[in-house]
Amino acid sequence: MIEIDNVSKSFAALKVLDGVSLTVEKGQVVSIIGGSGSGKSTLLMCINGLEPIQGGRILVDGTEVHAKTTDLNKLRRKIGIVFQQWNAFPHLTVLENVTLAPRKVLKKSRDEAIVIAEKQLEHVGLRDKLNVYPGKLSGGQQQRMAIARALAMEPQYMLFDEVTSALDPQLVGEVLDTMRLLAREGMTMILVTHEMGFAREVSDRVAFFKAGKIHEIGTPTQIFENPQTPETAAFLNSVL
């Protein structure tokens with residue numbers, strides 16, 4: 001499981017996370033909602049060890065992410081992360097992009113990496129794009145390639161940081177369909193999302209963030225139909 005215990009994070013004088021606690025069990029989907037600047041994306045970066053924290057602790061399967069003795073590179077093999085921007089290597093084909101990390105990080109042979117990449121590209125509906133360059137893909141296809149690239153590392157957890165926010169509305173659905181598939185297959189996921197209908201559909205729990213704090217957490221039914229704090233209600237009224 002992922003355990004987040006009283007985590008605080010600041011950028012200079014700006015406190016971005018303020019005593020955040022959250023537990024995500026294996027197989028759960030947890031969506032994090034809230035306004036811009038509320039600390040949602042920063043939390044994902046801290047879970048993956050891409051940002052340090054100033055207080056509290058984060059544990060992944062009992063390993064403390066920010067402990068000096070932790071091998072972060074090894075730990076990150078368990079945690080796939082997909083960002084708003086897909087950051088593909090434009091001079092490499094789709095297949096080459098997806099095989100790169102298994103070869104370089106997991107030390108897979110070229111043939112082994114190709115088998116993994118082909119499996120994951122088929123998984124996300126891009127089996128026919130193996131030899132295409134990223135610049136020839138639509139935004140939705142590029143984001144699905146980024147998901148395949150993360151899955152090629154065979155992670156136990158997936159973190160999604162507003163992965164549809166940079167897409168044209170007509171491309172959002174194909175990426176959400178891929179994430180629905182992962183949820184049905186039992187992948188443990190933490191989603192930072194502005195897609196309220198999607199969060200309601202796929203989540204086991206939904207956490208509402210404001211000013212670096214979790215103001216409320218509960219089932220989708222509770223959060224969307226019977227919010228317990230005025231802050232949650234006001235946010236949902238503004239976006240729904």
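**Exercise 1. Describe the residues that line the largest cavity, by class and by name.**

Step 1. The lining of the largest cavity comprises 5 nonpolar, 2 polar and 1 charged residues. Here Ala, Val, Leu, Ile, Met, Phe, Trp, Tyr, Cys and Pro count as nonpolar, Asp, Glu, Lys and Arg as charged, and the others, Gly among them, as polar.

Step 2. The structure is a predicted model, in which local features need pLDDT of at least 70, side-chain atom pairs count only at pLDDT 80 or more, and totals for chains, interfaces and linings use all residues. Residues are numbered from 1 along each chain as its sequence is written, and side-chain values use heavy atoms, with hydrogens and water left out.

Step 3. The lining residues are Phe160, Glu162, Val163, Thr164, Leu176, Met179, Val192 and Thr193. On a 1 Å grid over the protein atoms alone, a cavity is a set of points where a 1.4 Å probe fits but cannot get out, whereas a pocket is an open set with protein on both sides within 12 Å along at least five of seven lines; lining residues have an atom within 4 Å of a point.

Step 4. The volume of the largest cavity is about 40 Å³. Grid points are joined across faces, edges and corners, and a volume is the space filled by probe spheres set on the points.

**Exercise 2. State the volume of the largest pocket and identify what lines it.**

Step 1. The volume of the largest pocket is about 570 Å³.

Step 2. The lining has 23 residues, of which Ile81, Ala101, Arg149, Ala150 and Met153 are the closest to the centre.

Step 3. Two or more lining residues come from each of helix H2 (72–76), strand S6 (79–82), helix H3 (94–104) and helix H5 (139–151). Helices (H or I, at least four residues) and strands (E, at least two) are DSSP runs, numbered from the N terminus.

Step 4. S6 gives the most, with 4 residues. By class, the lining has 14 nonpolar, 6 polar and 3 charged residues.

**Exercise 3. Determine which residues of helix H9 are buried and what they pack against.**

Step 1. In H9 (residues 230–239), the buried residues are Thr232, Phe235 and Leu236. Buried means under 20% relative accessible area, exposed over 50%, and partly exposed in between (1.4 Å probe, protein chains only).

Step 2. Seen down the axis of H9, these buried residues fall within an arc of 95°, so they line one face of the helix. The arc is that of the directions from the helix axis to the C-beta atoms.

Step 3. Pro230, Asn237 and Ser238 are exposed on the other side of H9.

Step 4. The buried residues pack against strand S3 (29–34), helix H7 (196–202), strand S9 (205–210), strand S10 (213–218) and helix H8 (220–225).

Definitions and conventions:
Contact means heavy atoms within 4.5 Å.
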